[in-house]
Amino acid sequence: MSTLESILKETRSFPPSDDFRHKATVSGMEAYNALCEQANSQYLSFWEKLAREQISWKQPFTRVLDDSQAPFFKWFDDGVLNVSYNCLDRHLATQSDKTAIIFEADDGEVSRVSYAELHRRVCRFANGLKSLGVKKGDRVVVYMPMGVEAVVTMQACARIGAIHSVVFGGFSAGAVRDRVQDAGATVVVTSNEGMRGGKSVPLKATVDEALALEGAESVQKVVVHQRTSGQVAWDASRDIWWHELIASQPESCEPEWMNAEDPLFILYTSGSTGKPKGIQHSSAGYLLGAINSFRWVFDFKPDDVYWCTADVGWITGHSYVCYGPLGNGATQVIFEGVPTYPDASRFWRMIEQHKVSIFYTAPTAIRSLIKLGADLPKQFDLSSLRVLGTVGEPINPEAWIWYYETVGGGRCPIVDTWWQTETGSAMIAPLPGAVPTKPGSCTLPLPGIMADIVDESGAQVEPGRGGFLVIKKPFPSLVRTIWNDPERFKKTYFPEEFNGQYYLAGDSANRDENGYFWIMGRIDDVLNVSGHRLGTMEIESALVANPLVAEAAVVGKPHDVKGEAVVAFVVLKGARPVGEEAKKVAAELKNWVAHEIGKIAQPDDIRFGENLPKTRSGKIMRRLLRSIAKGEEITQDTSTLENPQILAQLQQPL
Ligand code: PRX
């Protein structure tokens, strides 16, 4: 790693315009540097000040950081607060009529929800959950489409101190069951169906299937929001309609006052084993990260119309749909559908219609929209835009420039935000009124985030050299533990190699001569498909669970829209299939993976061999598989390979 040379050539730099800089909350590099300097010299009082200013406390904290049980850090831990109070109640005195959510449905219907109305809806649903017996510390699985009710559910859980675990609506029954089981959830909240791109998504049916599987016995109630007129199967002893649950519930609900360190939510994410990790976030530290970064990174102003296209099933939908914008009293667009329906101008039309001023999306969406109509944005009035953002994967400079010129009219800073489910909030990103941007770089850490790049021994690497991305000091929004697995938390994120001192992000990166960060990719067996994290081991376990499969290895290959695509190398229990038979089995296995995990994990390409390339000690040589997946000639040393003849089989496309 430490000898990895970066192949960086991008030298263009885009400072904010004078006008943007003058109006910005953090205005100019001196202001940014001053904040960094404060954080460097007085780390604890830097965070203390932000926590006192930005969070409304029921009972203020007296301790900032307790590191006595490192790496299980505690922030503000004798403080008492409620996250939903901070997102809703505290805005009511000054802006109860302000629009909190502009919801645009898949079919284009628009509805608006004010802060007062959102507060009422959250209170009623919170009371509904309580009437089902849900109490502080209970786990509630949320399996819903993008919509107001998903946010209401998350906020209602926060209000009563229940821990939500949102499962992305594209995941399958098996994935729902795994998450229900690991968290021991007692209630699932879902919709009868979702609507995406004109098609219905059978969410309730998937929940039914999940709960019929072994291991999901903890669930006592399923609350079903009626999104469409579609019929669903009904178990009257377990299922209850949302509208019936809230029908007689009062419109106010005293928040459950929580300790700062009480868990707010769990969100499962892929790691390098077959089992997803339940990333557990705190109440106060997480909320501070979401609120503060939202202000800084998007230069949020009260009259902004903000739109983040991420689904609530991912961390971006938690921090930058549910908590950051509402914590700041923002007006935001929530969109149910997909960027390509009814056509590829949907995003641009919506920006024009709702006068969106801050737009935050993923590089994969940008690349697919360039492909489907690079000139389409020009047909719309996008002059309301002032900040553009990206997240989830590196953005290639061509896509960056297109986003900057064609969508942003050369006027809007692009904030490329590097962060993770584990970090809870943006870590490395330009503050748009200060830090000049460079296409493809997430630029510089936020003040208070001690990010660096080190080699195997923990020593800082020189500019232009690749290394491990680490964060050298704990910060408030960092993951607290892995649900049910504190040992794995310690080993994965605070490894012995760095004396348990540094948070290891799992990415490789390098810094240029200006200290800008350039993310190179994951160092573990995690793929990034369309900005979504997928563990290769998870897909391998799904494949070997198929009765036909003896062994499987999964790697990624570059893909011009998705960033990375899944390639699976498979050994069947029977003879190696060829010709039509191979195509048939491959199609069957692709469907199998979609059913076991979800469509996003489906391999693009499957190759069959009589074996996998292994060393004499039986280790699969993944580097060779990566070369084969890319269609490269094999130039690596294969002398340690037990079975070199296998390579020719695996190189054959179906
Ligand atoms: O590899 C990095 C990549 O996404 C990973 C985190 O994935 P997840 O936990 O699903 O969170 C995604 C949304 C925050 C990181 O380890 N990643 C995320 N943002 C960027 C990125 N890679 C490059 N540039 C980014 N801006």
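Mentor: Start with Arg522, which counts as partly exposed because its relative accessibility is 23%. Buried means under 20% relative accessible area, exposed over 50%, and partly exposed in between, with a 1.4 Å probe and protein chains only. This is a predicted model, where local features need pLDDT of at least 70, side-chain atom pairs count only at pLDDT 80 or more, and totals for chains, interfaces and linings use all residues. Residues are numbered from 1 along each chain as its sequence is written, and side-chain values use heavy atoms, leaving out hydrogens and water.

Trainee: Which residue meets Arg522 in a salt bridge?
Mentor: A salt bridge is a side-chain nitrogen of Lys or Arg within 4 Å of a carboxyl oxygen of Asp or Glu. Here the partner of Arg522 is Asp507, at 3.7 Å from N to O. Asp507 is buried, with a relative accessible area of 7%.

Trainee: How many salt bridges does the count give?
Mentor: The count comes to 43. One of them joins Asp299 and Arg386, with the closest N and O atoms 3.3 Å apart. Asp299 is buried, at 2% relative accessible area.

Trainee: How many residues surround the ligand?
Mentor: A residue is near a molecule if one of its heavy atoms lies within 4 Å of it. Here 17 residues surround the ligand, and Asp416, Thr421 and Arg522 are among the closest. An N or O atom in the Arg522 side chain is 2.8 Å from a ligand oxygen. For Thr421, a polar side-chain atom lies 2.6 Å from an oxygen atom of the ligand.

How values were computed. A polar contact is a pair of N or O atoms within 3.5 Å; within protein, one must be able to donate a hydrogen and the other to accept it, and residues adjacent in sequence count only if both atoms are side-chain atoms.
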